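Have the chain open as you read.

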Amino acid sequence: MLKTFRARRPAAAEEAGPDARGYGNIPGAVVENRRQLLVKLCWMSLWLVYLVYPVKDLAGGKHTTAATVAGAVALAVFLTAYFSLVTIRSTRADGYRGKYVPVAVMSTLAVTTTFTLGESWLTLFTYTTVCMAIVLPPRRSVHGVLAVTALALGIGLLVDADRDTVGAIALPCLLGGLAMTGLQRLIATMRELREARAAVAHLAASEERLRLARDLHDLLGHSLSLITIKSELAGRFLDAGKTAEGRAQVADIESVARQSLIDVREAVSGFRRPTLAVELAAARTALTTTGVRLETDPALADGRPGLGGDEAGALAWALREAVTNVVRHGAGATRCTVTLDETWEDDGTRWAVLDVTDNGRGPGKSAPGNGLCGLRERLAQVGGRLETGAGPHGRGFSLRALVPLRPAATGG
C-alpha cells in the first residue's frame with residue numbers, strides 16, 4: 001500500500017470531486033503518493049547533468065585524497081539537500097519553514113567548495129539560485145536570485161576564476177533563477193484557478209440545491225394544500241352519506257397526487273418549465289374547491305408577444321404561488337382576480353405584469369414566507385421583480401410579478 005500525501009491539498013479540491021483530484025500529475029500540483037513522488041524525483045534528476053564539472057574535478061586527480069573525499073561527501077550532502085527540498089515542496093504546506101534548511105545547506109556548500117576546491121564548483125550556485133527562487137515568497141524571490149548571482153560572481157572573482165567561466169556561471173544563475181520565479185508565479189496562478197474552479201463548482205451545486213428547494217416548495221405546497229382541502233371535503237361527504245361526491249373527491253386526490261409525483265420527478269431532473277395555461281387551469285380547480293371564484297381574461301393563457309420562455313415560466317411560478325397563498329392563507333376570500341398586462345418605465349423598458357388579487361382578510365402583520373422569498377429569487381434570475389401588499393381599498397392581498405419583455409419582439 002502506497003503512503004498518501006495530502007498536506008498541500010486545498011480544502012476546496014477535496015469537495016470538488018474526482019475532477020479536482022485528477023490534477024495530481026500536473027506541474028505544481030500536490031503529490032499524493034510515493035509513486036508520484038518518485039516520478040517527480042526522477043524528472044528533477046535530469047538537471048543534475050550540470051554537476052559533471054565538479055565530478056570531473058574530483059576525478060582529475062588535482063586534489064589530495066582527503067580533499068577528494070571531502071569534496072565527494074560535500075557533493076553527496078548537496079544532492080541530499082536538493083532532493084530533500086523537492087520532497088518538502090511536494091509533500092508539505094507552502095508555509096512550512098523547514099524548506100529553508102536545504103537551501104541554507106546548499107548555499108553554504110557552494111561557497112565552501114568553491115573557495116577550497118576551485119572554480120569548477122561554481123556550478124553549485126546555479127542550483128542554489130533556482131532553489132532560492134522556489135522557497136522565497138514571490139515578492140522577494142527576485143531579490144534572492146540577484147543576491148545569489150552577485151555572490152557567485154564575487155566569489156568567482158575572489159578565487160581568480162577565468163572571466164569566461166565566471167560569466168558562463170553568472171548568466172545561467174540569473175536567467176535560471178528569474179525563469180523559476182516566473183514559473184512559481186505561474187504555478188501559484190494555476191493553483192488559484194483550480195481553487196476558483198472548485199469554488200464555482202461548489203456554488204453551482206448550491207444553486208442547484210436552492211433551485212430544487214424552491215421547486216419542491218412551490219410544487220408540494222400547492223398540491224398538498226389541495227389534497228388537504230379535498231380530503232376534508234371527502235370526509236364531510238362520507239359522514240353525510242354522500243358516497244358519490246366523496247368518491248369524486250377521492251378520485252381528484254388521486255389525480256393530484258399522481259400529477260404531483262410527475263412534477264417532482266421533472267423538477268428533480270430540471271426539465272419542468274410551467275406555463276401560464278397549465279397553471280391557470282390548476283388555479284381554477286384549486287380555487288373552485290375552496291369556494292373562491294376565479295376571474296380572469298381568457299386571453300391570458302395565450303401568452304403575450306415579447307414574453308420569453310424563461311420569463312413566462314417565472315410568471316407561471318408566480319401564479320402558482322399566488323393561488324397557493326389564496327388557498328392556504330386567504331381566509332374569507334370569495335373572489336380571486338388574475339390579470340396580465342403591460343407597463344413601461346421612463347427609460348423605455350417594457351414589462352409584462354401579472355397581477356393576482358383576492359378579497360380576503362389580507363396579509364396582516366405576518367412576514368413573507370419561504371414561498372414568496374423563493375419567488376422573488378426566481379423572478380430576479382430573469383431580471384424581474386416582485387411586489388406584494390394589500391389589495392384595493394386595503395382589503396385582500398395583491399401580488400404583482402413583473403418580468404421584462406424582449407425589445408426585438410415589441411419593436412415592430
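Lys56 and Ala59 are exposed on one side of H4 (exposed: over 50% relative accessible area; buried: under 20%; partly exposed: in between; 1.4 Å probe, protein chains only). The model is predicted: local features need pLDDT of at least 70, side-chain atom pairs count only at pLDDT 80 or more, and totals for chains, interfaces and linings use all residues. Residues are numbered from 1 along each chain as its sequence is written, and side-chain values use heavy atoms, leaving out hydrogens and water.

**Helix H4**
- Helix H4 spans residues 52–59, and its buried residues are Pro54, Asp57 and Leu58. They line one face of the helix, because they fall within an arc of 95° seen down its axis (directions from the helix axis to the C-beta atoms).
- This buried set packs against H5 and helix H6 (100–117) (helices are DSSP runs of H or I, at least four residues; strands are E runs, at least two; both numbered from the N terminus).
- Gly61 follows H4 and has a positive phi, near 75°.

**Leu75**
- Leu75 sits in helix H5, residues 65–91.
- Leu75 counts as buried because its relative accessibility is 10%.
- Beyond neighbours within four places in sequence, Leu75 contacts Leu51, Val55, Trp121 and Leu124 (contact: heavy atoms within 4.5 Å).
- The C-alpha atoms of Leu75 and Pro54 are 8.2 Å apart, across 21 residues of chain.

**Largest core**
- The largest nonpolar core has 42 residues, and Leu315, Leu354 and Leu399 have the most contacts inside it (a core: buried Ala, Val, Leu, Ile, Met, Phe, Trp, Tyr and Cys joined through side-chain atoms within 4.5 Å).
- H12 gives this core its largest share, 10 residues.
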